[in-house]
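User: I am new to this structure and would like to learn how to read its features. Can we take them one at a time?

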Amino acid sequence: MAFDMESVVEATSGAVGALVSTTILYPLDTCKTKYQAENRDHLHQRYRNISDVFWEAISKGQVLSLYQGLGTKNLQSFISQFIYFYGYSFFKRLYLRESKSKSIGTTANLIIAAAAGACTAIATQPLDTAASRMQTSDFGKSKGLLESLTEGSWSDAFDGLGISLLLTTNPSIQYTVFDQLKQRLLKGKMREEMDGVSSSQALSAFSAFVLGAVSKCIATCLTYPAIR
């Protein structure tokens, strides 16, 4: 199959959208991650709720430490979203070409999305593990990416991979929602053209960004209990 520029555009837009949302919400994600890690240790719990993590950072003058591991998390998020967006878009077009169908069914859509999610999880799990180690370390004492990756055995870098594979339902839901919203948007543009209003049928980078953010939000809300 020839190089698919449309897939690259959608992948890049989705990855940039993920990077922006990850950066904005990262302090909250750090508080949540540290709080959950502490709650697993029933013999020693420093935090009663998530806000205690935030106030601890303020009291110690380590507010910027809420961003420890941000670079690694953004790298993981960008790579993950790019691989997933491109893989999903690429394999969807491949499926349509080989099956000679004009549209993709829900079952095939979910299978393609789950497969792309599984590949993405395997490829980016070490980065996710390193980011989690940085977030849960004491404020101001976070190690670098290389140190975090080499901490423990190589198999430790893939700790949590099983849960990550189970959570492939998250991107499956995300891209099912994304695809449905995209089709509705493009159908609306086609109707505008039929009514004599000039409108491009290609999905713009901004539209891809907005639809990606909305679909990710819906998928996260539905799978949050499993994430916890």
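User: Which side chain makes a polar contact with the side chain of Asp179?

Analyst: This is a predicted model. In it, the side chain of Lys92 makes a polar contact with that of Asp179, at 2.5 Å. Asp179 itself belongs to helix 7, which spans residues 169-194.

User: Is Asp179 buried or exposed?

Analyst: Residues under 20% relative accessible area count as buried. Asp179 has 3%, so Asp179 is buried. Apart from neighbours within four places in sequence, Asp179 is in contact with Tyr88, Lys92, Ile104 and Asn109.

User: How do I read the two sides of a helix?

Analyst: In an α-helix there are 3.6 residues a turn, so residues three or four places apart point the same way. Take helix 2, residues 50-59, where the buried residues are Asp52, Val53, Glu56 and Ala57. These buried residues line one face of helix 2, because they fall within an arc of 140° when seen down the helix axis. Trp55 and Ser59 are exposed on the other side of helix 2.

User: Which residue with a positive phi follows helix 2?

Analyst: Gly61 follows helix 2, and its phi is positive, near 65°.

User: How many disulfides does the structure hold?

Analyst: A disulfide needs two cysteine sulfur atoms within 2.5 Å. The structure holds zero disulfides. Cys217 is in none, and its nearest cysteine sulfur, that of Cys221, lies 4.3 Å away.

User: Where do Cys217 and Cys31 stand in accessibility?

Analyst: Cys217 counts as partly exposed, at 45% relative accessibility. Cys31 is buried, with a relative accessible area of 4%.

Conventions: Residues are numbered from 1 along each chain as its sequence is written. This is a predicted model: local features need pLDDT of at least 70, side-chain atom pairs count only at pLDDT 80 or more; totals for chains, interfaces and linings use all residues. Side-chain values use heavy atoms; hydrogens and water are left out. Helices (H or I, at least four residues) and strands (E, at least two) are DSSP runs, numbered from the N terminus. Buried means under 20% relative accessible area, exposed over 50%, partly exposed in between (1.4 Å probe, protein chains only). A polar contact is a pair of N or O atoms within 3.5 Å; within protein, one must be able to donate a hydrogen and the other to accept it, and residues adjacent in sequence count only if both atoms are side-chain atoms. Contact means heavy atoms within 4.5 Å. The arc is that of the directions from the helix axis to the C-beta atoms.
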